[in-house]
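Please keep the sequence and the structure in view while reading.

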Amino acid sequence: MVTGAAGMLGRDVVLAAANAGHEVVGYGHTELDVTDAEAVEDRAEWERPAVVINCAAWTDVDGAEESEDSAMAANGTGAGNVAAAGAAIGAKVVYASSDYVFDGSADTPYVETDQPGPISAYGRTKLAGEEATVAANTRSFVVRSSWLFGIGGGNFVETMLRLAADHGEVLVVRDHVGSPTYTWHLAYGILRLIEGGAFGIHHMAAQGQVSWYDFAREIFDQAKVECKVLSATTDMLGRPAPRPPFSALASQREHAILLPSWRDGLAGYLAQRQSEREAAGA
């Protein structure tokens, strides 16, 4: 059972699970609100899945600064509701978390044992979701990933391509470094994870690291799009929520599930995007 199934990651998890031969049911926010504990419990009891993958989330990082209570309800309390409902029926639970649980002061990729220290409301709510999940269900996986992009939702790659088409130039920050991760690759990584019993925290992001600025340049190179890329600092853009300046992730687990590189993920995304546009007659 997948919550948040209408979102970017949830969509790919549902498709990947079906492709892998799992019997899967997905619920979007309009069908199942994870902040409603009774509704979540009833749905889990009705479906009785072996695994619940919780992709439901408040993802508006800047919006969380002004609406932390609402973000906490979805990312924190809601995560606890899903984990508890899973525990009640003996199901494993996966919570999709974020690199934003870290403060970004490191200069090497964060691993699972590094101390979290979120600097934004969004990061605090995701850390609360991790803690609520682990507290409610001993058979739980916390999967931290980074800078997600995929077909099922708005993302940085799509924004860059749209701005290039509309304006011919973009302004991108150069002082944030992370591991851009293709949700299709992450979905298959999660499916591999649930086959075992290595409960606890897992870092599962694309191999390698890159700044937003260099990621934008690679997007245009791979897409063969002419666009001028201008660089800026975070302070110049003045966004409401602080971002960790360095949030690349790596895993120290003995049997870590390694995803392809961010460049391979970008190539896969662009190919999937083109295929879907052609199928739609675009």
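## Helix H1 and the residue after it

A helix here is a DSSP run of H or I with at least four residues, and helices are numbered from the N terminus. The model is predicted. Helix H1 covers residues 8-19. These 12 residues reach 17 Å from the first C-alpha to the last, close to the 16 Å expected at 1.5 Å a residue. After H1 comes Gly21, which has a positive phi, near 90°.

Met8, Leu9, Gly10, Asp12, Val13, Ala16 and Ala17 are the buried residues of H1. They pack against S1, S3, S4, strand S6 (148-149) and H7.

## The parallel sheet

Strands of a sheet pair through backbone hydrogen bonds, either parallel or antiparallel. In this model, six strands make an open sheet with parallel pairing, in the order S2-S1-S3-S4-S5-S10. Strand S2 (26-27) and strand S10 (200-203) each have a single partner strand and stand at the edges, so one side of each lacks a neighbour in the sheet.

Two bridges join strand S1 (residues 2-3) to strand S3 (residues 51-54) in the parallel sense. Within this pair, Val2 lies opposite Ile53 in S3. Helix H7 (residues 183-194) packs on the sheet and touches S3, strand S4 (92-98), strand S5 (140-145) and S10. The direction of H7 makes about 155° with that of S5.

## Two nonpolar cores

The largest nonpolar core contains 32 residues. Phe156, Val157, Met160, Val172, Phe215, Ile219 and Phe220 have the most contacts inside it. At least two residues of this core come from each of helix H3 (61-66), helix H5 (121-136), helix H6 (156-167), strand S7 (169-173), helix H8 (212-223) and helix H10 (262-279). With six residues, H8 gives the most to this core.

Which residues does Met160 contact, leaving aside its neighbours within four places in sequence? They are Val170, Val172, Ala216, Ile219 and Phe220. A second, separate core has 22 residues, among them Val2, Cys55, Leu191 and Leu193.

## Packing of H6 against H10

H6 and H10 pack at an angle of about 65°, and their axes are 11 Å apart. Their crossing is right-handed. On the H6 side, the contact is made by Val157, Glu158 and Leu161; on the H10 side, by Leu266, Tyr269, Leu270 and Arg273. Val157 is also among the residues with the most contacts inside the largest nonpolar core.

Key: Residues numbered from 1 in each chain as written. Predicted model: local features only at pLDDT ≥ 70, side-chain atom pairs only at ≥ 80, totals over all residues. Heavy atoms only, no water. Pairing = 2+ DSSP bridges. Contact = heavy atoms within 4.5 Å. Axes fitted to C-alpha atoms, helices over the stretch in contact; angles between N-to-C directions. Core = buried A, V, L, I, M, F, W, Y, C linked by side-chain atoms within 4.5 Å. Buried < 20%, exposed > 50% of the residue type's maximum accessible area, 1.4 Å probe, protein only. Expected span 1.5 Å × (residues − 1). Left-handed = near helix turned anticlockwise from the far one by under 90°.
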